[in-house]
Amino acid sequence: MNLDELRTPALILDRARLDRNLAAMSARMRARGVDLRPHLKTAKSIDVARRATAGHSGAITVSTLNEAAYFARAGFTDIVYAVGIAPGKLADVAAIQAFGARLAVVTDSVEVARAIAAHPAGATIPFRVLIEIDSGAGRAGLAPDDPALTEIARVLGDAPGAELRGVLTHAGQSYGCRDIAAIEAVAEDERRAAVDAASRLRAAGHACPVVSVGSTPTAVFARDLEGVTEARPGVYMFFDLYQVGLGCCAPDDVALTVLASVIGHRRAGGRVGGRLLIDAGALALSQDRSTAAQDEDQGYGRLFDARGARDLGGLRVVSVSQEHGIVAPGMHGGALGGAAPFDDLPVGARVRVMPNHACMTAAAHDRYHVVEGGEAVVAVWPRTNGW
């Protein structure tokens with residue numbers, strides 16, 4: 001199958017770019033003596049997971065129990081579910097562990113730790129637990145010096161059906177940085193918070209074999225990972241326009257795009273005058289506008305030719321409805337400019353849209369159409385969705 005045979009919109013994955021991104025991160029972590037536990041919330045694909053874990057322990061990170069079950073069924077046995085566990089989901093965790101996976105859960109709550117300790121399923125296969133640490137993102141987790149840290153460890157340590165594995169943090173604030181020096185500083189904050197929390201646990205007599213950090217920007221720019229045992233970046237596999245804006249990659253590193261068709265021209269008049277219409281809207285691209293806070297506003301995505309090789313003169317998807325995308329030139333300072341290239345992109349022409357946020361865009365699709373340096377689709381890789 002060739003690209004021109006695909007029904008649009010279609011999710012396209014450039015295998016050569018993917019493999020290059022995977023190799024670079026793998027080498028970076030090996031050079032720092034840290035195991036790579038890739039976060040698969042972006043890819044949600046067994047085929048991608050096998051490539052991402054090659055040369056490492058095979059450990060992975062997920063964001064939903066659906067993903068955990070999907071990867072466990074495919075033979076991945078060392079999994080971290082990196083979202084705070086709700087007590088009502090512990091039976092699901094036990095069911096996944098029952099068919100061979102070691103599924104670690106995360107909490108920052110003494111009350112949840114007590115629920116884990118009391119759950120009857122732990123008598124069969126103990127629940128493995130990581131304590132979440134807040135390293136500056138402010139979303140979830142405990143400060144490294146919070147008294148609840150050692151109280152959670154005590155509750156778990158007293159329970160035969162639970163096992164404290166260590167600490168985990170995510171420097172989500174790295175996504176708000178405006179330069180590399182700021183990301184480097186956040187990476188050190190992330191490392192220090194996790195290492196300090198682990199030291200407090202050990203000083204209190206608790207084993208803490210796992211010291212886990214994560215985020216693509218900090219994984220790319222961390223200068224020092226001393227004391228860290230594993231890293232959990234995720235979007236580095238595909239990258240996206242937001243990561244380009246952060247300086248983590250170049251546009252040529254972005255492996256994920258959406259193939260779309262031009263379905264209309266609006267040459268003059270009205271609020272969409274001088275615009276192109278494509279068949280990729282909010283449900284194909286997402287409504288993510290994260291790059292609006294960066295130096296270059298990429299709208300809802302940036303247009304390339306059908307092969308994904310040539311930037312189409314600064315064209316951006318400037319507005320979306322459910323199934324429609326409106327395309328116009330430029331978005332510098334929030335202002336549109338220039339004329340839409342109607343003659344170059346007649347109705348029926350195909351384009352590739354590079355997304356703002358690969359995780360959100362990929363979530364709208366159930367498969368990757370894999371290409372490698374041309375127009376031929378060399379593979380179709382399914383992905384899982386849902387919770």
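The model is predicted: local features need pLDDT of at least 70, side-chain atom pairs count only at pLDDT 80 or more, and totals for chains, interfaces and linings use all residues. Residues are numbered from 1 along each chain as its sequence is written, and side-chain values use heavy atoms, without hydrogens or water.

Helix α6 spans residues 147–157 and helix α7 spans residues 180–203. They pack at an angle of about 55°, with axes 10 Å apart. Axes are lines fitted to C-alpha atoms, for helices over the stretch in contact, and angles run from 0 to 180 degrees between N-to-C directions. Helices are DSSP runs of H or I, at least four residues, numbered from the N terminus. On the α6 side, Leu149, Thr150 and Ala153 meet Ala197, Arg200 and Leu201 of α7. Contact means heavy atoms within 4.5 Å. Four of the residues in this contact are nonpolar, one is polar and one is charged. Nonpolar covers Ala, Val, Leu, Ile, Met, Phe, Trp, Tyr, Cys and Pro; charged covers Asp, Glu, Lys and Arg; the others, Gly among them, are polar.

## Helices α3 and α4

Helix α3 (residues 65–73) and helix α4 (residues 90–98) cross at roughly 10°, and their axes come within 10 Å. That angle makes α3 roughly parallel to α4. Leu65, Ala68, Ala69 and Ala72 in α3 meet Asp92, Val93 and Ile96 in α4. This contact has six nonpolar residues, no polar ones and one charged.

## The largest nonpolar core

The largest nonpolar core holds 118 residues. Such a core is a set of buried Ala, Val, Leu, Ile, Met, Phe, Trp, Tyr and Cys residues joined through side-chain atoms within 4.5 Å. Phe71, Ile116, Met237, Phe238 and Tyr368 touch the most other members. Helix α7 gives the most to this core, with nine residues.

Which helix holds phenylalanine 71? Its place is in α3. Beyond four places in sequence, its contacts include Leu40, Lys44, Ile46, Val62 and Ile79.

Phenylalanine 238 also has contacts beyond four places in sequence, among them Leu13, Asn21, Val48, Asp253 and Tyr368.

Methods: Helices (H or I, at least four residues) and strands (E, at least two) are DSSP runs, numbered from the N terminus. Angles under 35 degrees count as roughly parallel, over 145 as roughly antiparallel, 65 to 115 as roughly perpendicular and the rest as oblique. Buried means under 20% relative accessible area, exposed over 50%, partly exposed in between (1.4 Å probe, protein chains only).
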